[in-house]
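Here are a few notes to read alongside the structure. Please keep the sequence and the 3D view open while going through them.

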2 protein chains.
Amino acid sequence: MALYVMKFGGSSVGDTERMQRVARRIVEKQDEGHQVAVVVSAMGDTTDDLIDQAKLLSNEPPAREMDMLMTTGEQISIALLSIAINALGRKAVSFTGWQAGFRTESEFGRARITDIHPERVKRALEEGSIVIVAGFQGMTEEGEITTFGRGGSDTTAVALAAAIAADYCEIYTDVDGVYSTDPRIVKNARKLNEISYDEMLELANLGAAVLHPRAVEYAKHNQVRLVVRSSFNHNEGTVVKEEASMEQGVVVSGIAYDKNVARISIVGVSHVPGVLAKVFGSLADSKIDVDIIVQSGVQGGKADFSFTVALSDRERALKVLESIRGDVPYEEVTSEEDLVKISIVGAGMVSHPGVAAQMFDVISKLDVNIKMVSTSEIKVSCVIDSGKLTEVVKALHTAYGLDTENQVFVGGPKDRR
Amino acid sequence: MALYVMKFGGSSVGDTERMQRVARRIVEKQDEGHQVAVVVSAMGDTTDDLIDQAKLLSNEPPAREMDMLMTTGEQISIALLSIAINALGRKAVSFTGWQAGFRTESEFGRARITDIHPERVKRALEEGSIVIVAGFQGMTEEGEITTFGRGGSDTTAVALAAAIAADYCEIYTDVDGVYSTDPRIVKNARKLNEISYDEMLELANLGAAVLHPRAVEYAKHNQVRLVVRSSFNHNEGTVVKEEASMEQGVVVSGIAYDKNVARISIVGVSHVPGVLAKVFGSLADSKIDVDIIVQSGVQGGKADFSFTVALSDRERALKVLESIRGDVPYEEVTSEEDLVKISIVGAGMVSHPGVAAQMFDVISKLDVNIKMVSTSEIKVSCVIDSGKLTEVVKALHTAYGLDTENQVFVGGPKDRR
């Protein structure tokens, strides 16, 4: 007997029929002799519908009230899923985030989990019940209802798995697992059978939507055995764990891209101590996440900086830079959109020099201009014009040996080349 | 400055436009210099829609999960109403039932309030916020989410008013106040300007849907000044208080009716001590509410009983009687539907003998058969065939001098005859 956390996203419970299919899937797991705790998201478009309703009333609804509103989406899901399981003759009991013991910081809309008190969940499991927990939500110490932000149900699942010492945390989604890149762009994208936490973390951070980065971080930190698989079939999915078995010749595991990128450049900044800290400190104070930062060579005591932010933060970032002009004298600020950040990720890079050089080579042979570069131990990111996205990802996918015939990988590990 | 509790029902917040109208109405009250706590129900058909969704999944959804499901309706309302008020530039903060401190027994679907800890509500009011509380819901000591049953938002409003010592509890609805009888049946029904708790309690118990009986009971017990008024206009509504000013010649204040009635008769029960206790004790154990009970004369050591239950309880009641046949020997059980209980209510009855006799006289002159009778100090109820409802109510309304020209009462007290 093992203890499973099974997480189902909104599209898996989008209507009554899907809800019933998920219920049967959960009961199957129990029939195999396991204890099951389930985390579920809001049904289908519920969250968006709720946001639309709020927008009809206000352009700037208070974040606290938005959390109050949006958490109802998951509460509806847990109740209905529990009802569906009870209808199959099994005992199921649903818990909101606060009932399941999720305590968070008080930053509404993006609250971080501070600790979990899963006593009620544990007790219900011990009594033989299937436990259904609302994803994406918790409560502050003051009893305020909070949400973790989009994708937060993954985090709920992983955090719950860690808190109740589950043997497996299965993330059910509408694809078969983690792919070498977006199958909508590269038809021959490979489903990966294994991937390391670090690689998954990079992929998730770099735009692969299949898992939320915070969830991967949490899984790595707590060594939760994570499986990404489809709720529509019984294929084996992708296992995310500490060290993926290194396959021969596999240097790059996956290619991610992110179109949500704006570049901002500050030209002619007086090169005095503390300037960088002032610029990026001010942006941080305004809750603007800065991604790639590039400083070009100092000339005549002046330097140029470029950095990227999310598209939606561009206007605010420009305002922040305007506001600190008195403290940080610069010549001008420019900005650019219609960009995409393409990243190759692979734990194998550490032992294979020249991976980045190969990437630059592939891109330049397509006559595509690389605007910014950023590297870490296991990834290389290049910012290019968004119009070149498909062309570049396809070429990289081929260059790093990721292409394969799709059907080969449907059956699970034994079919893997 | 006074402290108001304003309660808005589901039809008052049925869509965005109505929600905004309610928000303006609340802000008006604050503009008059008052502190305002608001109780709101689920929007329009939300609760029914949620029940429909559950029914698609199960014929017998667990009551606990139904409460989990249904409480989302009010949670959506409080969040949206708070957002609408904030959009008008006022500080508003929403609280679920448990956040507002409502503690209940654990009978899901019909939980009773045990106590209220309104500290958070009080603090928010002191900070100048408009407080929005979800109606109809609370939490048990074990942290389980419960509902009060239909109409429970009235109870929330009155209980909150008592707990925070509000000066007024205004129940906003889609009619102008409490009427002498159902205006859909009697065109000339009078809007009452005042009514006593006891009369209102009888009317509510006897089928007048405008207020929930439990709410009236709570108001009487805690001496909460209750006002029933329209959310669609500024007419003065009906004040419910300890002693309504007795008007000359007004013996009967209102006429209520209830079609949700089944009659069950037990014929030839052996007349031994403890039989009544056994019968009605068993029904009570099965949570079946018995209303009117009539025992006919004992003959040869045997008696006949008749009693009424809600239509939906009829089948179960018959089963209970079958199950106790061993302990309580009887000859046969019969039952009857398509009945209506018509009741006249008036505090003036106490000092005016002959009111019941007049009722029987009016009904018999219409050639309508009275099947059961029940009286209290301030009401008389008769059970008749439901087909005669309109005819009988109209005749009684005229006989007790309740008819009047509708328009006379629109303007409030000064227009009252």
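**Notes on the model**

1. In this predicted model, the C-alpha centres of domain 1 and domain 2 of chain A lie 40 Å apart. Chain A is divided into domain 1 (3-174), domain 2 (263-336) and domain 3 (339-404).

2. At the start of α1(B), a side-chain oxygen of D15(B) comes to within 3.1 Å of the backbone nitrogen of E17(B), while just after the helix G33(B) takes a positive phi of about 100 degrees. Among the buried residues of α1(B) are M19(B), V22(B), A23(B) and I26(B), and the list also includes R25(B) and K29(B).

3. An open sheet in chain B is formed by four strands in the order β13-β18-β20-β19, with antiparallel pairing. β13 (254-258) and β19 (372-376) of chain B stand at the edges with a single partner strand each, so one side of each is left without a neighbour in the sheet. Neighbouring strands of this sheet are turned by 20 degrees against each other on average, direction ignored.

4. Within that sheet, five bridges join β13(B) to β18(B), residues 339-345, and D258(B) has K341(B) of β18(B) as its bridge partner. Helix α11 of chain B, residues 389-399, lies across β13, β18 and β20 of chain B and runs at about 10 degrees to β18(B).

Terms used
Residues are numbered from 1 along each chain as its sequence is written. Chains are lettered from A and ligands numbered from 1 in the order in which they are written. This is a predicted model: local features need pLDDT of at least 70, side-chain atom pairs count only at pLDDT 80 or more; totals for chains, interfaces and linings use all residues. Side-chain values use heavy atoms; hydrogens and water are left out. Domain bounds come from an automatic or database domain assignment. Buried means under 20% relative accessible area, exposed over 50%, partly exposed in between (1.4 Å probe, protein chains only). Helices (H or I, at least four residues) and strands (E, at least two) are DSSP runs, numbered from the N terminus. A polar contact is a pair of N or O atoms within 3.5 Å; within protein, one must be able to donate a hydrogen and the other to accept it, and residues adjacent in sequence count only if both atoms are side-chain atoms. Two strands pair if DSSP finds at least two bridges between them. Axes are lines fitted to C-alpha atoms, for helices over the stretch in contact, and angles run from 0 to 180 degrees between N-to-C directions. Contact means heavy atoms within 4.5 Å.
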